[in-house]
Amino acid sequence: MTPRDSSLLTHLLLLLLLLLQLLLPLARSVLHPPHHPQVHVPALHPHAPTPLTRSRFSAHTQLDFTTHCNSSCYRRGEQEAQKEQLTEKLAFETLYSDGSRTLTTVDVEDEVEKDVSLFAHPSPRRVKPRHKRVRRQIYGADGRFNIQGDNFLLDYPFSTAVRISTGCTGVLVSQLHVLTAAHCVHDGKDYVKGARKLRVGFLIPPSINGTKVGLTSSKKPLVRWVRVKRTRVPKGWIQGPQEVSMDFDYALLELRWPHRRPFMRLSVAPSSDDLAGKRIHFSGFDSDRPGELVYRFCPVEEESSDLIYQHCDARPGASGSGVYGRVWDNSLERWERKVIGIFSGHQWLEIDGENRDYNVAVRITPLKFAQICYWVHGNRLDCVQD
């Protein structure tokens, strides 16, 4: 088999896989159309920003982000947090392109203490123990797919994945905004050196670089870089000297000018039982495949109030990828791809004396949805769950 035949076979297999992913949820919805109650999204009331000292940009980017968690941190959630703690963690810093910073504190509506629908998360669920992984962040046979060719790189949802100049991945969530992991721009104490001139990279397929359309090119896609105008990081990530938590490992980047590519809408993360196929998906720029966009999907293994535990194969560089699932949209009466989390990294989870390891995504809770939505729209009235 020639290299070109092998490449065509790979593309056909990927097309078949995507077709199956499209048809299976459709068949499921026709046979058993779901109806999910509207999730109440709390209102955030921001105060006037307070100027801070300029960033020193002294931190180093840590792409291979690993944390440890025991049963107490696994089972804690927003339900158990005091309102004062929530408002402190939902405050946020804004970093501007000239290095200046501001801090914005927020109030959360009073219903946060009473309305259990704010915490529309599943209780932590247990699954059967898994075998130990074969190698770090890759579980058994490598289940990742390289996305190549114009028909894929420029098509939704792969076109929503972008590169971050610090070495991470991001996902387009509006015409001006990119969602990524906080540790890609900040180590919990200071902004990383690369955040001083942060940029977002859009892939340009080989055909636009001079290769004829329809032919498989050995060339890697070029990248068009766009400067970031401002960066927002939740105070829940910027916690000072103590160990950082994955729970708030997300940041929003605002571009200097809008792009023209399709973006993916955000959603409060439902229980994995309410995802089509109970699967999550994400595409990123894994460090072991330089210049390539890599796609993967897998079932959710476990979930806590703030994190999604899974065994999707991933390597450093995929951090910040938009984790999406097919979520049922009551108004459209169909399954829609929506960002429900941000890929963070790896976590050792110790429960009942047993150590297990997972790749982990930060789940978008109702409170986080309200915060990110406010960052995008600048108007809390637009931030209701779709």
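## A buried salt bridge

K368 and D306 are both buried (buried means under 20% relative accessible area, exposed over 50%, partly exposed in between, with a 1.4 Å probe and protein chains only). The two residues form a salt bridge, with the closest N and O atoms 2.7 Å apart. A salt bridge is a side-chain nitrogen of Lys or Arg within 4 Å of a carboxyl oxygen of Asp or Glu. K368 lies in helix α5 (residues 366-377) and D306 in the loop between β15 and β16, so the pair ties together parts that are 62 residues apart in sequence. Helices (H or I, at least four residues) and strands (E, at least two) are DSSP runs, numbered from the N terminus.

## About the model

This is a predicted model, where local features need pLDDT of at least 70, side-chain atom pairs count only at pLDDT 80 or more, and totals for chains, interfaces and linings use all residues. Residues are numbered from 1 along each chain as its sequence is written, and side-chain values use heavy atoms, with hydrogens and water left out.

The structure holds eleven salt bridges. One of them joins R101 and E93, with 3.1 Å between the closest N and O atoms. R101 is buried, at 16% relative accessible area. E93 is buried too, at 5%.

K278 and D273 also meet through their side chains, at 3.5 Å from N to O. Here K278 is partly exposed, with 43% relative accessibility. D273 is partly exposed as well, at 41%. Elsewhere, salt bridges link K229, R230 and E254 in a network.

## Two disulfides

A disulfide is a covalent bond between the sulfur atoms of two cysteines. The cut-off used here is a pair of cysteine sulfur atoms within 2.5 Å. A search of the whole structure finds two.

C168 and C184 form a disulfide, with sulfur atoms 2.1 Å apart. The angle about the S-S bond is -95°, and the link of C168 and C184 is left-handed. C168 sits in the loop between β8 (161-164) and β9 (169-172), and C184 in the loop between β10 (177-180) and β11 (199-204), so the pair ties together parts 16 residues apart in sequence. Both C168 and C184 are buried.

## The second link

C298 and C312 form a disulfide, and their sulfur atoms are 2.0 Å apart. This link is left-handed, with -105° about the S-S bond. C298 belongs to strand β15 (residues 293-303), while C312 lies in the loop between β16 (307-310) and β17 (322-329). The pair links distant parts of the chain, 14 residues apart. C298 and C312 are both buried.
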